[in-house]
Amino acid sequence: MIDSHAHLNDPRFASDVAEVVQRAQANGVKGIINVGYDLESSRQAVQLAEEFPSLYAVIGVHPHDAKTWTDEIEEELRKLSAHRKVVAIGETGLDYHYDNSPRDVQQEVFRKQLALAQELGLPAVIHSREAAQDTLEIIKEFPDVRCVLHCYSGSWEMAKVYADMGFMISLAGPVTFKNAVKSVEVAEKIDLDHLMIETDCPYLAPHPYRGKRNEPGLVKLVAERIAEIRGMEMEEI
């Protein structure tokens, strides 16, 4: 398995990241895509990818931090992208739930990072919360950029739109929650060619670890739940 979205650059892993990686490998996780959310965490993602063979890096600025964007940050991300283990730009997108950055600023910085992904020929890792239509409309402006809708929480109908565009839908711990509805429908109906799995650790630990620190080794529980929903063997997932 691959945990397609982790934050081992989060301070909550500062004291035991090596042990976390070892536990992931013991649980069958052969690769971890470690995702930046601002410039410093992007640098850390690259550093960790250097240190651990199973780690890869995604570099970018989260919509929460869009208000910090500068031309200097963009140039630094462009330089970091040259590293052999940088596999995408992100996580970028829109978050209208918290509005930690003004919505017009989020949209501008989202466009700038999609343009950077297009320039570099890299995919983009998309965060979208309570901003489904605006996210889709902005992505459509960059038809050459391949996208992953990470920790997808939207409707099946919107997921199908993205899948029809050739994009990936990534499901995380919430698909295991007892009150899950939308993510269960997506897990049931999405073509496996458009499905990825992730932890989004240290957040959103799957049941029965909900509320505790999440880590990449628990992505197995996401795969197991999707297999249960679809009536398939976990190995197929």
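Guide: Here is a walk through that pocket and its cysteine. The model is predicted: local features need pLDDT of at least 70, side-chain atom pairs count only at pLDDT 80 or more, and totals for linings, chains and interfaces use all residues. Residues are numbered from 1 along each chain as its sequence is written, and side-chain values use heavy atoms, without hydrogens and water.

The largest pocket holds about 830 Å³ of space. A pocket here is an open set of points on a 1 Å grid over the protein atoms alone, where a 1.4 Å probe fits, with protein on both sides within 12 Å along at least five of seven lines. Its lining residues have an atom within 4 Å of a point. There are 30 of them. His 127, Arg 129, Cys 151, Asp 200 and Leu 204 lie nearest the centre.

Strand S4 (86–95), strand S5 (124–129) and helix H7 (182–189) each give two or more residues to this lining. S5 gives the most, with 3 residues. By class, the lining has 13 nonpolar, 9 polar and 8 charged residues.

Now take Cys 151. Cys 151 is buried, with a relative accessible area of 17%; buried means under 20% (1.4 Å probe, protein chains only). Cys 151 is in no disulfide, that is, a pair of cysteine sulfur atoms within 2.5 Å. The structure holds 0 disulfides.

Notes
Grid points are joined across faces, edges and corners, and a volume is the space filled by probe spheres set on the points. Helices (H or I, at least four residues) and strands (E, at least two) are DSSP runs, numbered from the N terminus. Ala, Val, Leu, Ile, Met, Phe, Trp, Tyr, Cys and Pro count as nonpolar, Asp, Glu, Lys and Arg as charged, and the others, Gly among them, as polar. Buried means under 20% relative accessible area, exposed over 50%, partly exposed in between (1.4 Å probe, protein chains only).
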